[in-house]
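Could you look through this note before opening the structure in detail?

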Amino acid sequence: SILLTSGRLSTDSKRIIEAAYATEHGLRGATSALKLAQQLITTTPEFNSNNLARKTGNKRVPTTPDPAAPVPYKAIVVLSLDGGLDSFNVLTPHTTCPLYRSYAQERDDVKLEL
């Protein structure tokens, strides 16, 4: 929870993941259960955001689509992707984290200094 969601994993999400882990552990063992738990964590709102996800219980108000334009519309969309996804810089330890030294030695010139 702390590494993957910065401690934001909700009680509901934890309960669901723990139950799935226990079931999988009983059926297929610890390795399979751990893999399942990791997959489930990556599907939580807490993993996919940088803020707390709070359930309000309120239904979302549907948005009204914009009216169609009176004339045909064309657009050119250009995505400039300079380089690929450097997965070693997606989740990086902060400089105050004990793992930062190992990360910095391994990444050398391409490390992020947070």
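The numbered points below go from the whole chain to single residues.

1. Basis of the note. This is a predicted model, in which local features need pLDDT of at least 70 and side-chain atom pairs count only at pLDDT 80 or more, while totals for chains, interfaces and linings use all residues. Residues are numbered from 1 along each chain as its sequence is written, and side-chain values use heavy atoms, with hydrogens and water left out.

2. Overall make-up. The protein chain has four helices and zero strands, and its elements run α-α-α-α from the N terminus on; here helices (H or I, at least four residues) and strands (E, at least two) are DSSP runs, numbered from the N terminus. Of its 114 residues, 16% count as buried, where buried means under 20% relative accessible area, exposed over 50% and partly exposed in between, with a 1.4 Å probe and protein chains only.

3. Surface and contacts. The accessible surface of the protein chain comes to about 10100 Å², of which 57% belongs to carbon and sulfur atoms; these areas come from the Shrake-Rupley method with a 1.4 Å probe, and for residues only the protein chains shown count as cover. Among the contacts with a separation of 6 or more, residues 24 or more positions apart account for 32%, a contact being heavy atoms within 4.5 Å.

4. Helix α3. Which residues of α3 are buried? They are A33, A37 and I41. Seen down the axis of α3, the buried residues fall within an arc of 70°, so they line one face of the helix; the arc is that of the directions from the helix axis to the C-beta atoms. The exposed residues T31 and K35 are carried by the face of α3 turned away from its buried side.

5. T44 lies in the loop between α3 and α4 and, at 7% relative accessibility, counts as buried. A polar atom of the T44 side chain lies 2.7 Å from the backbone oxygen of I41. Leaving aside residues up to four places away in sequence, T44 touches T5, L9, S13 and I17.

6. L91 and L4 are 87 residues apart in sequence, yet their C-alpha atoms are 8.3 Å apart in space.

7. The structure holds one aromatic pair, formed by Y100 and Y103, which is tilted, with 5.7 Å centre to centre and 50° between the planes. For such a pair, rings of Phe, Tyr and Trp (its six-membered ring) must have centres within 6.5 Å; planes under 30 degrees apart count as stacked, over 60 as edge-to-face and the rest as tilted. Both tyrosines lie in helix α4, three residues apart, about one turn of the helix. Y100 is buried, with a relative accessible area of 11%, and Y103 is buried at 9%.

8. D108, a point to check. D108 has a positive phi of about 50° although it is not a glycine. D108 sits in the segment after α4 and is partly exposed, with a relative accessible area of 46%.

Notes
Polar contact = N/O pair within 3.5 Å; in protein donor to acceptor, adjacent residues only side chain to side chain.
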